[in-house]
Amino acid sequence: MNAKKTCLSILTMVGFSLLFYASISGSKEAAKPPTLVPMKFDYSTPGVGVTKSNDIKFALINPRFVTSFEQSKIDPYKTFANSMGDDFVEMLTARGYPYVGPYNTIDDMVYSEKQTTDLVLEVEVDLQFTGNAIKQTSDYEILTSRTNYYYIYNGDMNLSGKITMIFSEPFTKTKVWVKSVSTEPITFFLDSQYKYKSKDIPVTDPKVWNTLVEILQKIYENVISTSWKYLEPEELKVKKSESLEIKKNSGFQKK
């Protein structure tokens with residue numbers, strides 16, 4: 001083989017090598033899973049036109065999920081509730097209300113705190129998922145002549161959100177006002193990045209996580225902005241009077 005043909009052969013081999021490498025690199029890049037989006041549950045209180053009052057002292061209880069919601073201890077749901085607690089602190093502060101807490105339960109309050117508190121504010125979160133996006137899929141292994149079954153998300157889901165604000169007298173825990181803030185159900189398509197051997201598809205699957213965080217942020221903004229309006233002092237002053245009357249007649253206060 002002369003030098004010209006040898007050079008041409010080498011260049012051809014290099015070209016094929018580069019194309020093969022580009023193909024492999026492209027496949028790896030295409031197979032790279034999406035990045036998990038950060039959770040951002042936050043509400044900015046209005047800067048102007050805010051009615052303030054320091055006449056009502058609150059005790060704030062950390063927001064909690066309804067007991068039927070089994071995923072309350074994992075993210076993004078855990079951060080959803082924790083962020084809500086932070087925003088309620090900010091909203092009380094922006095309204096000018098003095099407060100104590102937040103506490104995990106009313107029972108965490110000592111006697112002197114209950115005595116000087118006008119209203120206890122508890123926030124209960126209820127998220128309802130409906131629909132059945134879980135699907136079963138399979139693949140066939142030629143070498144073993146075996147069919148493997150997997151589960152994926154691939155379908156429409158609906159999510160409705162509601163938070164309930166409960167205002168109570170601290171000693172007797174008597175409710176003087178209950179306000180529920182609901183959102184219109186949101187329909188969304190849920191699919192998973194990977195296949196799983198059971199129906200317990202983790203919320204950390206990249207596509208699942210990113211979809212849920214986006215939807216939850218919409219729910220969060222809606223319910224918190226409406227909750228802000230219910231912290232207006234006018235009606236709460238009436239509820240303070242009712243709470244003080246209950247406290248006065250409860251027998252808990254020392255003479």
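Across the whole structure, a search identifies 10 salt bridges, and the model in which they are found is a predicted one. Side chains of opposite charge can pair when their charged atoms come close.

One of these contacts joins the side chains of Lys237 and Asp55, with an N to O distance of 4.0 Å. The two residues belong to distant parts of the chain, being 182 residues apart: Lys237 lies in helix α5, which spans residues 233-248, whereas Asp55 is placed in the loop between α1 (3-31) and β1 (58-61). Lys237 has a relative accessibility of 39% and therefore counts as partly exposed, and Asp55, with a relative accessible area of 42%, is likewise assigned as partly exposed.

A salt bridge is also formed between Arg64 and Glu124, whose closest N and O atoms are 4.0 Å apart. This pair, too, links distant parts of the chain, since Arg64 is located in strand β2 (residues 64-65) and Glu124 in strand β4 (residues 119-130), at a separation of 60 residues. Arg64 is partly exposed, its relative accessible area being 31%, and Glu124, at 26% relative accessibility, is partly exposed as well. The pairing of Arg64 with Glu124 is part of a network of salt bridges in which Arg64, Glu122 and Glu124 are linked.

A further salt bridge connects Arg146 with Glu141, for which the closest N and O atoms are 3.5 Å apart. Arg146 shows a relative accessible area of 45%, which places this residue in the partly exposed class, and Glu141, with a relative accessible area of 28%, is also partly exposed.

Technical notes. Residues are numbered from 1 along each chain as its sequence is written. This is a predicted model: local features need pLDDT of at least 70, side-chain atom pairs count only at pLDDT 80 or more; totals for chains, interfaces and linings use all residues. Side-chain values use heavy atoms; hydrogens and water are left out. Helices (H or I, at least four residues) and strands (E, at least two) are DSSP runs, numbered from the N terminus. Buried means under 20% relative accessible area, exposed over 50%, partly exposed in between (1.4 Å probe, protein chains only).
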